[in-house]
Every structure is written in structure tokens, then in C-alpha cells.
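This report describes the fold of a single chain, going from the overall layout to individual residues. Please keep the sequence and the structure at hand while reading.

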Amino acid sequence: MDEKAVYTCVDQEHDAWRCRRCGYIENFEADGPEENGWHFCPGCGREIVTEETA
Ligand SMILES: [Zn+2]
């Protein structure tokens with residue numbers, strides 16, 4: 001199974017992203033987890049993949 005932590009942008013205006021595995025939410029200064037150098041979720045420790053929202 002896919003054990004990666006899927007991060008979804010829940011607030012594009014404030015660059016807030018949420019981990020769909022553990023519910024951890026981070027407000028980035030700009031952009032998303034990848035652009036901010038995040039590779040692992042601090043909440044569940046899994047590797048982060050980002051889900052683009054339509
Ligand atoms: Zn997580």
C-alpha cells in the first residue's frame with residue numbers, strides 16, 4: 001500500500017496544507033511543502049507527496 005503522506009492545500013490564500021494521514025496542518029509563508037524543502041510530515045513521519053487541487 002502507499003504509505004506516503006498526502007498533503008492537500010486546504011487554504012490557498014494562506015498557503016495552508018494538511019496531511020491527509022494524520023491531520024497535521026502547516027501554514028507556509030509561500031507555496032507548498034515541496035517548495036519549502038519539506039520531505040517528511042512532522043506529524044506522522046511519512047514521506048510527503050502533494051496533491052494539487054483543481
Ligand atoms: Zn502526517
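## A cut-off for exposure

The model discussed here is a predicted one.

## Overall layout

The chain has four strands and zero helices, and from the N terminus on its elements run β-β-β-β. Its radius of gyration is 10 Å, close to the 10 Å that the globule rule gives for 54 residues, so the chain is as compact as a globular protein of that length.

Taken along the principal axes, the C-alpha atoms fill a box of roughly 30 × 20 × 15 Å. Of the 54 residues, 15% count as buried. Among the contacts in the chain with a separation of 6 or more, 30% are accounted for by residues 24 or more positions apart.

## The sheet and its pairings

The four strands form an open sheet in the order E3-E2-E1-E4, and the pairing in this sheet is mixed. E3 and E4 stand at the edges with a single partner strand each, so one side of each has no neighbour in the sheet. Ignoring direction, neighbouring strands of the sheet are turned by 30 degrees against each other on average.

Strands of a sheet pair through backbone hydrogen bonds, in either a parallel or an antiparallel manner. E1 and E2 run antiparallel and are joined by four bridges, and within this pairing Tyr-7 has Cys-19 in E2 as its bridge partner. E2 and E3 also pair in the antiparallel sense, over three bridges; Trp-17 has Glu-26 in E3 as its bridge partner, while Arg-18 stands opposite Ile-25 in E3.

## Hairpins and loops

The hairpin formed by E1 and E2 has four residues between the strands, and in its turn Asp-15 has a positive phi of about 55 degrees. This residue lies in the loop between strand E1 (5–11) and strand E2 (16–19), and its phi is a positive value in a residue other than glycine. In the hairpin of E2 and E3, with five residues between the strands, Gly-23 takes a positive phi near 85 degrees.

Asp-31 is placed in the loop between strand E3 (25–27) and strand E4 (48–51). The phi of Asp-31 is near 60 degrees, again a positive value in a residue other than glycine.

In E2, Trp-17 and Cys-19 make up the covered face, whereas Ala-16 and Arg-18 make up the uncovered one.

Both residues of that covered face belong to the largest nonpolar core, which has six residues: Ala-5, Tyr-7, Trp-17, Cys-19, Cys-41 and Ile-48. E1 and E2 each supply at least two residues of this core.

Methods: Residues numbered from 1 in each chain as written. Predicted model: local features only at pLDDT ≥ 70, side-chain atom pairs only at ≥ 80, totals over all residues. Buried ≥ 20, exposed ≤ 12 C-beta atoms within 10 Å, placed from the backbone. Pairing = 2+ DSSP bridges. Core = buried A, V, L, I, M, F, W, Y, C linked by C-beta atoms within 7 Å. Rg over C-alpha atoms; globule rule 2.2 N^0.38 Å. Contact = placed C-beta atoms within 7 Å. Axes fitted to C-alpha atoms, helices over the stretch in contact; angles between N-to-C directions.
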